Amino acid sequence: QVQLVESGGGLGQQGGSLRLSCAASGSVFSIRFMGWERQAPGKQRELVAGITSGGSTHYADSVKGRFTISRDNAENTVFLQMNSLKPEDTAVYYCNAHIATMENNKFYSYWGQGTQVTVSS
């Protein structure tokens, strides 16, 4: 059993900053990719940022230069530092990770429960 637990969402102001965290727990054996997706009302879910176990990163064009993804492999945790927030960043943010468990050496995708980020203008 694997759980992803997010924290750090809430209300931010335009131009301000928020930091999201997501910790994987349970029978985690290995984690490849970790990332953040978001879904705004009436819109499709999109990948915001991702990071491999080796530290390679990917960002959506809409957040490049403003958001920074990082991870702590020892703690099985991924972070999303969000700066220069815009109202269009308002969405539910979901943590995603590709994890192999102690019981099964295959990698599967897991998602957190989501955390609301609201940016006021």
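Setting aside neighbours within four places in sequence, Ser21 is in contact with Val5, Glu6, Ser7, Trp36, Val78 and Phe79. That residue, Ser21, sits in strand β3, which covers residues 18-26. Keep in mind that this is a predicted model. With a relative accessible area of 17%, Ser21 counts as buried, because the cut-off is under 20%.

**The nonpolar core**
- The largest nonpolar core has 30 residues, and Trp36, Leu80, Met82 and Tyr93 touch the most other members.
- Strand β9 gives the largest share, with five residues.
- Take Leu80: not counting residues up to four places away in sequence, Leu80 touches Leu18, Arg19, Leu20, Trp36, Val48, Ala49, Phe67, Thr68, Ile69 and Tyr93.
- Trp36 turns up in both contact lists, touching Ser21 as well as Leu80.

**The disulfide**
- Searching the whole structure turns up one disulfide.
- The bond runs between Cys22 and Cys95, with an S to S distance of 2.1 Å.
- It ties together distant parts of the chain, since Cys22 is in strand β3 and Cys95 is in strand β9, 73 residues apart.
- The torsion about the S-S bond of Cys22 and Cys95 is about -80°, so this disulfide is left-handed.
- How accessible is Cys22, buried or exposed? Cys22 is buried, at 0% relative accessibility.

Technical notes
Residues are numbered from 1 along each chain as its sequence is written. This is a predicted model: local features need pLDDT of at least 70, side-chain atom pairs count only at pLDDT 80 or more; totals for chains, interfaces and linings use all residues. Side-chain values use heavy atoms; hydrogens and water are left out. Helices (H or I, at least four residues) and strands (E, at least two) are DSSP runs, numbered from the N terminus. Buried means under 20% relative accessible area, exposed over 50%, partly exposed in between (1.4 Å probe, protein chains only). Contact means heavy atoms within 4.5 Å. A nonpolar core is a set of buried Ala, Val, Leu, Ile, Met, Phe, Trp, Tyr and Cys residues joined through side-chain atoms within 4.5 Å. A disulfide is a pair of cysteine sulfur atoms within 2.5 Å.
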